[in-house]
Amino acid sequence: MTKDTVTYRFPEGFWWGSATSATQTEGATHRDGKGKNIWDHWYEVEPSRFFQGVGPQDTSQFYERYKEDIQLMKEVGHNSFRFSISWSRLIPDGRGEVNPKGVEFYNNVIDELLGQGIEPFVNLFHFDMPMELQKIGGWANREVVDAYEAYAKTCFERFGDRVKKWFTHNEPIVPVEGGYLYDFHYPNEVDFEKAIQVGYHTVLSSAKAIRAYKQLNQGGKIGIILNLTPSYPRSNHPADLKAAKIADAFFNRSFLDPSVKGEFPEELVQILKEEGFMPIIEEEDLEIIRQHTVDLLGVNYYQPRRVKAKETLPNPDAPFMPERYFDHYAMPGRKMNVHRGWEIYEKGIYDILINLKEHYGNIECFISENGMGVEGEEKFRDENGVIHDDYRIEFIQDHLKWVHRAIQEGSNVKGYHLWTFMDNWSWANAYKNRYGLVSVNLDKNGERTIKKSGKWYKTLSENNGF
Ligand code: BGP
């Protein structure tokens, strides 16, 4: 591909890169003073919940191999890269003493990235509550909001001279869903009332971190990363439309509205009031949330949400769930990522961007995750060790075409980060599905090899399009 053959060209300075998280890549879970987080703990008490019994200590060894990995990032054309700081590596008990080895590690990573011309995008919380704080209730306890604010401040003070793009949370709704509604994260509770309090405290913590950042005047930007799942009604029937609207309020606007507009969606507040689930809110909270909205929004997009009106009356004795107001359904004949069980609907990415343009003041944003997890990629490895993942290239292109179109129509989208740079450990799914541009061969002590998609990604970034 030469510059002349580029059909989809992106604006000058577009951010090309990928995203990872600490728990999914670092390993070294018990080394150099790191404290335990909920993943270390959950694995200790219930290893059978993890695919093939593989836990977070066996991730891709980024802690030891970060130099080699950052070199590879350069080779696959990254000009930016998002990682998260492990709260329990930096502050082992979640509050109190800072771990000098943790500071040293993140300093090294940041300096190495900058030395390679790759801008660090740093996220403060990616599902990894320090265990000492989980013991007092995690996000359900307001004290944890204060602990998080202090942790965020520590990060800005230590690293903010070089890091100019900060994110308070990644997909804050996921710990709510996983930990307090649908049982796929520790502490595995099913408790709607607590889920709402947890979600509310997370929103508040984000606003407080933004406030702390602005007070330091470090001249960078701070945002949040949200997984947005556009909510499509089955039909134009008013009952289906209403169902989709409520699902949107629960799963998208619950975090999007306070983060960008500084207020919670009225539809959601109404339901919580009617059902008696309003969280405990202290006097000055709503003003803090109103005043400290994000500069920049990260959008993670994997799949749409197909919604229809409920066809049967909800069982009044079942625990309260958002699904009391709607049902999900799978649209027959849709393209699927069969490995993950997710519908592939490329236009969803465009619909999100246009919605942000039209209803959220065209906030500056970027695609902070999008990607394809595939099981059994080893069978595509050739004799030189390269995995031929043409489906991944196609997946990225198909989404980028819609991003490109949104730009033509005035979207303020500044970049695209793939999930993910190298194959990593994916929570309870461990190494089941591979997402990387670079493969990690577990049979060869984690040997890295750039996949076909990684080589293609380099040309994408060099040509600023395809
Ligand atoms: C997002 C998370 C990532 C990552 C990705 C892929 O929700 O931010 O941490 O894991 O999804 O999903 P999974 O690993 O569940 O296949």
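Predicted model: local features only at pLDDT ≥ 70, side-chain atom pairs only at ≥ 80, totals over all residues.
1. Residues are numbered from 1 along each chain as its sequence is written.

2. Have a look at the open sheet of 3 strands, ordered E6-E8-E9 with mixed pairing. Strands here are DSSP runs (E, at least two residues) and helices are runs of H or I (at least four), numbered from the N terminus; two strands pair if DSSP finds at least two bridges between them. E6 (231–233) and E9 (327–328) are the edge strands, each with a single partner, so one side of each has no neighbour in the sheet.

3. E8 (residues 305–308) and E9 run antiparallel, joined by 2 bridges. Valine 307 has histidine 328 in E9 as its bridge partner.

4. Now the helix pair: the axes of H13 (residues 347–359) and H14 (residues 390–408) come within 8 Å and cross at roughly 25 degrees. Axes are lines fitted to C-alpha atoms, for helices over the stretch in contact, with angles from 0 to 180 degrees between N-to-C directions. H13 and H14 are therefore roughly parallel to each other (angles under 35 degrees count as such).

5. Residues in contact have C-beta atoms, placed from the backbone, within 7 Å. On the H13 side these are Lys347, Ile349, Tyr350, Leu353 and Ile354, meeting His399, Trp402, Val403, Arg405 and Ala406 in H14.

Terms used
Parallel < 35°, antiparallel > 145°, perpendicular 65-115°, else oblique. Contact = placed C-beta atoms within 7 Å.
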